[in-house]
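Take a look at the sequence and the model below. We'll go through them together, part by part.

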Amino acid sequence: MNKQKYNFDEIIDRKLSNSIKWWESKDILPMWIADMDFKVADEILDAMKKTIDHGIIGYDDKPDSFYESIINWVKDRYNWEIKKEWLVFTPGVVPGLGISIKSFSKEGDKVIIQPPVYPPFYRVIENNNRRVVENSLIYKDNKYIMNIDDLEKNIDKDVKMAMICSPHNPVGRVWKKEELEVFGNLCLKNNIIMISDEIHCDLTFSDYKHIPLASISDEFANNTITFMAPSKTFNIAGLFASVAIIPNEKLRKLYNDTIENMEITHTNGFSIIGFEAAYKYGKNWLSQAIRYIEDNADFAVDYINKNIPEIKTYKPEGTFLMWLDFKPLGKTSEEINELLINKGKVQLNNGATFGTAGEGFFRLNIGCPREVLKEGLDRIKKAIQ
Ligand SMILES: Cc1ncc(COP(=O)(O)O)c(C=O)c1O
């Protein structure tokens, strides 16, 4: 097995690229949008370079080896046996959420989400004229948990779908089997289709293990659309390549019909090549990346506790995102954002965009070299002190 050692301390000037995160930032250090500043694994880049060297960029299809790479990855990592016919290539998880909303609900239907949560969860529901039902998480003793009593109260005949973020962006929870079971059983009992966004599933820290919601039982599998992707895992979000895993034939047909009606069945060849190479050859890079990110999380928690005691945080259980509580400052989200940008010259995601439950919080991207993280934390300190 390849034991190449990767250097996650390397600083690459992303201002030289079209990176959304970096290119307009001028003197502001960007620690917001969720891609990482680490160089992609050589194994993935080499596979893509081969296509370049071949010299023709025509219409490509997905070979059997593409599907096998997903099946093997999911079996190896999660001990979940999935079948080729369950898999539907999807050009990005967010598009997949939108396709799901269109496929499994109609205008006016209600969809449950658990804020604070990744903002597109709101958008795909509201922009398609469905109604958001907020089942906000409970924040207690530095930990978020699901509010099952509230979930039960919110369910009525109009609720047709529930979207779960697992692991959860932005709060960094890796849901336990028991938590998923309670959530899933309530959905099953009430005929609510579950959409499980598991894009962050491969990035869990040493004490935590991701459990695919649909792997819990055949009943769960039959009622769940799972999204996975190598995009966050291997820092290849720009390839816009993900997979919907849909064991239920009827639901899969509805999903495929929407994809076909929208004429988005194909993608570019680089996505296919990069996706497959990541799942086939990326394991060594990933284990080193996870270790580095976990060390970053420990570093950031320690730095904040020692140097910025005015704000509160905790170590996430996975993801490369941290959730910082600025509420003790007694300022509005806009006031804090203003301080971060204009005084500290650092940009985080404003928690208010993750729903009202995110007011007063900011999301920090720690998927970067330690030196950059330290600089970002110094700037946060400067902003508020
Ligand atoms: C929970 C979650 N889902 C989806 C996405 C984006 O997925 P994609 O780029 O494949 O649309 C992100 C990106 O941050 C995310 O955090």
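This is a predicted model: local features need pLDDT of at least 70, side-chain atom pairs count only at pLDDT 80 or more; totals for chains, interfaces and linings use all residues.

Numbering runs from 1 along each chain as its sequence is written, and side-chain values use heavy atoms, with hydrogens and water left out.

Let's start with the overall layout. The protein chain splits into domain 1 (29-43 + 282-384) and domain 2 (58-280), with bounds that come from an automatic or database domain assignment. Taken over C-alpha atoms, the centres of the two domains are 25 Å apart. Across the boundary, 34 residues of domain 1 are in contact with 37 residues of domain 2, where contact means heavy atoms within 4.5 Å.

Now for the inside. In soluble globular proteins, nonpolar side chains tend to be buried together. A nonpolar core here is a set of buried Ala, Val, Leu, Ile, Met, Phe, Trp, Tyr and Cys residues joined through side-chain atoms within 4.5 Å; buried means under 20% relative accessible area, exposed over 50%, and partly exposed in between (1.4 Å probe, protein chains only). The largest nonpolar core has 74 residues, and Trp285, Leu364 and Ile380 touch the most other members. Its largest share, 11 residues, comes from helix α10 (residues 283-307); helices (H or I, at least four residues) and strands (E, at least two) are DSSP runs, numbered from the N terminus. Both domain 1 and domain 2 give this core at least three residues each. Apart from it lies another core, of 27 residues, with Val93, Val111, Val117 and Phe227 among them. Back at Trp285, the residues it touches include Tyr6, Phe8, Met36, Thr233 and Phe234, leaving aside those up to four places away in sequence.

Next, the open space. On a 1 Å grid over the protein atoms alone, a pocket is an open set of points where a 1.4 Å probe fits, with protein on both sides within 12 Å along at least five of seven lines; lining residues have an atom within 4 Å of a point. The largest pocket is lined by 45 residues, and Ala34, Asp35, Lys232, Ala237 and Gly238 lie nearest its centre. Which helix supplies the largest share of that lining? That would be α3, with three residues. Domain 1 and domain 2 each contribute at least three residues to the lining.

Finally, the backbone. Most residues other than glycine have a negative phi, and most peptide bonds are trans. Against that background, a cis peptide bond joins Pro115 and Pro116, with omega about 0 degrees, and Pro116 sits in the loop between β3 (110-113) and α4. Another cis bond links Ser166 and Pro167, with omega about -5 degrees; Pro167 is in the loop between β7 (159-165) and α6 (177-189).

Asn191 has a positive phi of about 55 degrees although it is not a glycine, and its place is the loop between α6 and β8 (193-197). Phi of Asn235 is also positive, near 55 degrees, in the loop between β9 (224-228) and β10 (242-245). Are these two asparagines buried or exposed? Asn191 is exposed, at 65% relative accessible area, whereas Asn235 is buried, at 13%.
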